[in-house]
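Work through the exercises below with the model open. Try each task before reading its solution.

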Amino acid sequence: MSAVSYGMVVDTRTCVACAACVIACKTENDVAEGFSRDWIFTATSGSFPNLEMEIRSERCNHCEDAPCVSVCPTGASHYGPGGTVQVTESKCTGCKACIAACPYDARFIDPRTGAIDKCTFCVHRVENGTPTTACQEVCPTKSIYFGDLNDPESEVSRLLRTRQAYALLPDAGTRPKHFFLK
Amino acid sequence: MKRRQFIRVGSYGAAGAAVAGGLTTDWYGRYANPIADPGTDGDRVVPSFCELCFWKCGILAHVKDGRVTKIKGNPKDPLSNGQLCPRGAGGTGLLYDPDRLQKPMVRRDKRGAQVFEEVSWDDALGVVAENFERIKAEHGAGALALFSHGYGGSWMKHLFKAYGSPNIAAPSYAQCRGPREVGFDLTFGSGVGSPENTDIRNARCLVLIGSHLGENMHNTQVQDFADAIRNGADIITVDPRHSVAASKSRWWLPIKPGTDTALLLAWMNVIIGEGLHDRDYVEQYAYGFEQLSEHVKAFTPEWAYPRTGIEPDVIRRTARAMGAARPATLVHPGRHVTWYGDDTQRSRAIAILNALLGSWGRKGGFFIPSQVSIPPYEYPGYLPHDDQAADRPAPSDYPLADQVLAQGVCDATVPGVVGDSRIKAWMVYGSNLPTTLPDPENTYKAIQELDFLVTVDVLPAEIVGWSDVVLPEATYLERCDELFAPWWREPYVAVRQEVVPPMYDSKPGWWIARELGKRIGLPEFFPWKDSEEYAKTRLEAAGLDCDVMRADGVILGEPAPLYFEEGALPEFYTDSGKIELYSPKLAALGFDPMPTYDHSALEEPPEGYYRLLFGRAPVHTFGRTTNNRLLSEVYRENEVWVNRDVARRWGLEDGERVYLQNQDGKRSSFSAPVKVTGRIRPDAVYVVHGYGRRAPKLRFVHGKGIDDNELITRYKVDPIMGGTGMNVNFVTFLRADDLEVAS
């Protein structure tokens, strides 16, 4: 395990599904038209008038045991800084094995390059002196937290210690590093 | 199931590959994996403020190679605090909208036929000036009217005032916030303004009545709303629809539409009856408590139950929650409040409830805002208005309207509707009247009566197609505007700066107003070189540093006390100098001095019809943004929210397309998919406003979804201030498949 392990925590209690994270990601990362690296998921349960709704801002889970990395025949999908999962465009042949392997549906082909695109946890920012991801920076409800899961003093670690949290599809066995606060 | 199995197989292979792949190099081991930088950081970053809605958040626009790559929040700005809503972040979608108006145009066929000829600015402005001068000479300046929405409209308002026309209307008053301002002004002696002086972030109990924060994305309010959630505030949401805010609330009260005032009266009944109100505050600051106590005695929760559908026990428990948290209980005044025609009185009831809870001027209620004072630009002085605004036959109609009624100006254009026909020409700035004023047919009728219509806009909206002259304005990222110094928690001044030069042949509003002013004999009202020089003159007069302003985008003023307990003065600018629970002013005008509720005035939907409600999606500012391709990636078309049981009865499936038809037989121009949901009452349907666009040159959004406004063929006018209550229409479903087969 690398010294730093980047992870993300989204507070579903305060997220209002505005999708500012989606738009900010698109402009920060110049994401292809018609595609996005993050998205909003809402789950409603119950029936009128006894309803509950949970809202999540979702993206690549940057799994520790990432099936996209293991299935990649060219090494384009790889573990990058802070244990993030990255794709090197020049090595990607667009074979889509990783799209099929990803349990979170986090990947797509960028039609401009023919290569895989997905969330990078904004490593171009966080590895170069800007400690926030674009989605976190824009979030008007401050529902998105990003930081080092290996640092017990980090905000993400503190939240995971003090609040009820869960990851999506833990049974997929990929050890995701993206969590949601209840 | 299949997919899962595949994943499991994939995972088995993972361990080996991960080891073989290593952590940082490729499997050949020859090339390191670089960190790809998308390269969107600007080589210039220009601070300005946003215009995707009217909240005016501070932004930082990144410009690279002359192109705006991305827009961030300005951390120094007290409205954005460095964060933005999706619209603000998506401003480039407006700047680079391929459907933008590019050149001045003059109409060459009948109105609405969309046949235009591109002309030079000189020619276009010449035509406008000639028509203005002719109409002023024949009928007086009062025959000209301006409709305006958006901050750049300040230049056009200046032009109209200088020309002597009193008919300066904004649909944001009588079609939106007006009743609230009047209701609060009657009670506290001040409206809540925009941005509102609501202290949401410190509220321990927050009551939202039809206010869908989170879907309505006024940035600072939503930031504060999240703070309130984090602080564990008790949130009570009253809404026929399970809004996002409702999902964050401890209590969701799915009220029967149109009965809110009954609930508010019942809350007052419990709060006064159980002694939950702030006695000291009421005694010290309020007038008419005894009359009010007497008045609300009959409005018990049991009385309210059959009217509102909210159980007495819930009314009592929520009233107690409000009482327990006072004075940090904020009953939010809402924003778009023109619903049922009794809206001033409902807003009064909200204001009175706040007064009982002692929340005005108190932490967690309403803070007392302050403002940086900037001297106005010195002009020779506006001409006195030559007559009253033509929006109503006599000033005694809608006596407390303190702004011009947009629908009144529209009506005053048609002979015989509002006394003598007086309005002959309109200038429409950034205000798409056919989707803004209720009943577009009425608006089109008025347009046909006009001698002249000129539109200043960024996009080819519906109103553009009906115009005689179209003047393409530069977007907010391409122009410097009037300074912005709001009444707010932190007093400050913000500047809008030109981030990139205007594209195409578009021009900023100040330039259009000035050039037109010169042509209609008003050069002395436009002595400045440009808006930058204008802003600089004002800033210097206020002793503010223009260089700091240019670099930071904002200058903060001296903070003032926010609450009475911190030293803010408990001053109420009513006639009595007190908070008026009982309003002698309303009594003198023949209105109820305290709000009442008349259940017999509430119309029930006919069999098979449902009340049409409308609201917002977080990525859109109604029709102003629905053609924005970037924002539309998140929300492309509106849906008709239909209660699950209703859908079952109709056999409607989720995603099935329907047209809506209202009680007067008016059918929507286009269809929209049904959203089958438990999140709405069975007696109402809901759509997001801003779709069903009929303007063909809005190539992206044209024909998508349903326009609620064309189904608003009826509205109830608020007798106090002339607001148009628009939630009084009922619709039924027509299956798109059936209609297409029939045709």
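Contact means heavy atoms within 4.5 Å. Keep in mind that this is a predicted model.

**Exercise 1.** Decide for Gln223(B) and Thr455(B): buried or exposed?

*Solution.* Buried requires under 20% relative accessible area. Gln223(B) has 5%, so Gln223(B) is buried. Thr455(B) has 0%, so Thr455(B) is buried too.

**Exercise 2.** Describe the surroundings of Thr455(B).

*Solution.* Locate the residue: Thr455(B) belongs to strand S14, residues 452–457 of chain B. Then go through its contacts beyond four places in sequence. They include Val428(B), Ile463(B), Val464(B) and Ser467(B). Now check for polar pairs. The side chains of Thr455(B) and Ser467(B) make a polar contact at 2.4 Å.

**Exercise 3.** Which residues touch the most other members of the largest nonpolar core?

*Solution.* This core has 170 residues, and the answer is Phe225(B), Trp267(B) and Met322(B). Helix H9 of chain B, residues 260–273, supplies the largest share, 10 residues. A second, separate core has 40 residues, among them Ala143(B) and Ile512(B).

Technical notes
Residues numbered from 1 in each chain as written. Chains lettered and ligands numbered in written order. Predicted model: local features only at pLDDT ≥ 70, side-chain atom pairs only at ≥ 80, totals over all residues. Heavy atoms only, no water. Helix = DSSP H or I, 4+ residues; strand = E, 2+ residues; numbered from the N terminus. Buried < 20%, exposed > 50% of the residue type's maximum accessible area, 1.4 Å probe, protein only. Polar contact = N/O pair within 3.5 Å; in protein donor to acceptor, adjacent residues only side chain to side chain. Core = buried A, V, L, I, M, F, W, Y, C linked by side-chain atoms within 4.5 Å.
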